[in-house]
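Please open the structure in your viewer and keep the selection tool at hand. The tour below moves from one selection to the next and says what is found at each stop.

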Amino acid sequence: MSDSEIRFSDRLRERFADQILRVIDSVDGPTVEIKTECWLEVARALRDEAEFRFEQAVDLCGVDYLGFGEAEWDTSDVSGEGFSRGVEGFGPGRFNWSERPEAAHKEQRYAVVVHLLSLAHNRRVRIRCFAPDEGLPVVASLVGLWRGLNWFEREAFDLFGILFEGHPDLRRILTDYGFVGHPFRKDFPLIGNVEVRYDAEKQRVIYEPVSIEPRVGVPRVVRDDARYDQARSESAARAAGK
Amino acid sequence: MQEIRNYTINFGPQHPAAHGVLRLVLELDGETVMRADPHVGLLHRGTEKLAESKPYNQSIGYMDRLDYVSMMCNEHAYVRAIEQLLGVAVPERAQVIRTLFDEITRILNHLMWLGSNALDLGAMTLFLYAFREREELMDCYEAVSGARMHATYYRPGGVYRDLPAQMPKYRESPWTKGKDLKRVNAWREGSMLDFLDAFTDDFPKRVDEYETLLTDNRIWKQRTVGIGVVSPEQALAWGMTGPMLRGSGIEWDLRRKQPYAAYDKFKFQIPIGKNGDCYDRYLVRVEEMRQSNHIIKQCVAWLRANPGPVMVQNYKVAPPKREEMKNDMEALIHHFKLFTEGYSVPAGEVYAAVEAPKGEFGAYIIADGANKPFRLKLRAPGFAHLSAMDEIATGHMLPDVVALIGTFDVVFGEIDR
């Protein structure tokens, strides 16, 4: 992050002190985590106040933080477990509908992330708020501020089941007519639930339970070793040499 | 008096002017559109969810299949996001090659747009002309990656390999022989850069040809002038980017405002429209093709003068050469680990955007330190554009809807993801 970005994130902390949870300095700029009840209010301030003027909401997406940071194969220590053991893990994509993990309770499971762009100041900011009740996650809708978020919120509702309070037309958008479930939740199987084919006898398209097996080849591995420091120092050295 | 009610029609999903699988439910009063409700998602493949179950590199190929007429630009956004998280610096030559191919892609996309949009509005010839030039540029795709469309050429840390020293030639066949064979191979005697030189010298004349057919054409103007007017305020509120935003007179181009790859090295202009109608957006896109041609020319000159590596020498991210792998134990281990497990990306999140031909294409990655992304969100420009359909189309006539779908430049690979 550049100096001006650091100044900007300090300014955000100062301006919204009691309305936000924290400001994270990400590699590409500040990320503001906003208290759910202040979501609309802060977004409006970011759009309207002259020092921010985020005229455009570029993107809105839902996130399901279930299983964040969990690996299928432990690499932190020497072990007798080979790489192949990882394949028998229970990570994303390795279960079918009947074996899906029953939603483990997780604080702050669902979040809504919006990327804002200010053309006037040529600046971006990312704002996030967590949906409070994981059984029925509800967040205030921002369609009143940026009309263009209409479909993006419909998409987040469709894929994650996050409800947007005040949305004028909260229908499913990407999934099939009559689809059941919210497919991008981490406890939804990658292979899906139903499959479709044309039945020549019945002369119509029919739905059946999926016949394919879950198959993910590479285990999920979390590594936190020196190699990235090395990569970073190499690139810093290269930049210094320029 | 008899009561006349509005009636509803289905436009698509099997309509040639629907550009793929758009189902548009139109509520009509006579021939005037009262409400347009696009139903999308018929091509939803869950790319973002698939990416969560694969190591980072294995999803690059999916990116080509999003906006399948501007393939490499999609890859660019994705690999840029990974590079920012990893903190690797891409060699300069690779950056210029990416710039070169982004611009080739822009011409490819705009040619496709021009040809199909003109065809929708009743001009047949242009479609054939546009595909003639597309063929030449797709040969460049094939020369560097082996695939005409779905290249998977950009990799985190650079590009897969350097430009070929010899541009592949046509071989003799029952359909191409003698004088014809000589003609099609005329530009292909030298390297790919020679080929591109010849192409860029020739291309402005081709664009003149397209403009002769359309720019002052009475029918074309009747179909596009004053149709689908998007005011600057509307363009901002609906999250429009690219030619949709510039057509409304807002000078905003990520290549200039938030430069990436090697765009700060090269000179080019940003055309903007005045009235924000279909005709202005047509003019903007045509001028963009000329500017892209100009950038390609500069890239070719730079690439000729500056040989060098096209991939980082960091074996934690990029594989070692096969030759090295055969002789060096360490290189073999790196190779094995990279292709079985991949690389783990440090925890964090990043949004990387590029100015794709259709607008801002962005990749948002949340990483949790694993070898697979925790969440990948792809921001497709067409999704935002199409969502404005109801507001823009209301009050227009039914045939104008075809002009609107054309001017939005929708491709369902990216909208449905």
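Which residues are linked with Glu103(B) in a network of salt bridges? The network holds Glu103(B), Arg106(B), Arg246(B), Asp253(B), Arg255(B), Glu288(B) and Glu355(B), where a salt bridge is a side-chain nitrogen of Lys or Arg within 4 Å of a carboxyl oxygen of Asp or Glu.

Before going further, note that this is a predicted model, in which local features need pLDDT of at least 70 and side-chain atom pairs count only at pLDDT 80 or more, while totals for chains, interfaces and linings use all residues. Residues are numbered from 1 along each chain as its sequence is written, chains are lettered from A and ligands numbered from 1 in the order in which they are written, and side-chain values use heavy atoms, with hydrogens and water left out.

**Stop one: strands of chain A**

Select residues 29–34 of chain A, which form strand β2; strands (E, at least two residues) and helices (H or I, at least four residues) are DSSP runs numbered from the N terminus. In β2(A), 6 of its 6 residues are buried, buried meaning under 20% relative accessible area, exposed over 50% and partly exposed in between, with a 1.4 Å probe and protein chains only. A hairpin joins β1(A) to β2(A) through 2 residues, and Ile24(A) stands opposite Thr31(A). With strand β5 (residues 123–130) of chain A, β2(A) runs parallel, joined by 3 bridges, and there Val32(A) has Ile127(A) as its bridge partner.

Now show the side chains of Glu33(A) and Arg22(A), which meet in a salt bridge at 2.9 Å, N to O. Glu33(A) is buried at 4% relative accessible area, whereas Arg22(A), at 46%, is partly exposed.

**Stop two: between the chains**

Colour the two chains separately and look at their contact, which takes 68 residues from chain A and 72 residues from chain B, contact meaning heavy atoms within 4.5 Å. Together the chains bury about 5700 Å², 56% of it on carbon and sulfur atoms; buried area is the accessible area (1.4 Å probe) that two parts lose on being put together, summed over both. On the chain A side, Arg147(A), Trp151(A) and Phe184(A) lose the most area to chain B.

Across this interface the rule finds 10 salt bridges. Select Lys377(B) and Asp59(A), whose side chains meet in a salt bridge at 2.8 Å, N to O. Lys377(B) lies in strand β8 of chain B and Asp59(A) in strand β3 (residues 56–64) of chain A, so the pair joins two chains. Lys377(B) is buried at 1% relative accessible area, and Asp59(A) is buried at 0%.

**Stop three: strands of chain B**

**Last stop: a buried threonine**

Finish at Thr407(B) in helix α17 (residues 398–408) of chain B. Thr407(B) is buried, with a relative accessible area of 1%, and, not counting residues up to four places away in sequence, touches Trp113(B), Asn117(B), Met244(B), Cys278(B), Arg281(B) and Arg285(B).

Key
Pairing = 2+ DSSP bridges.
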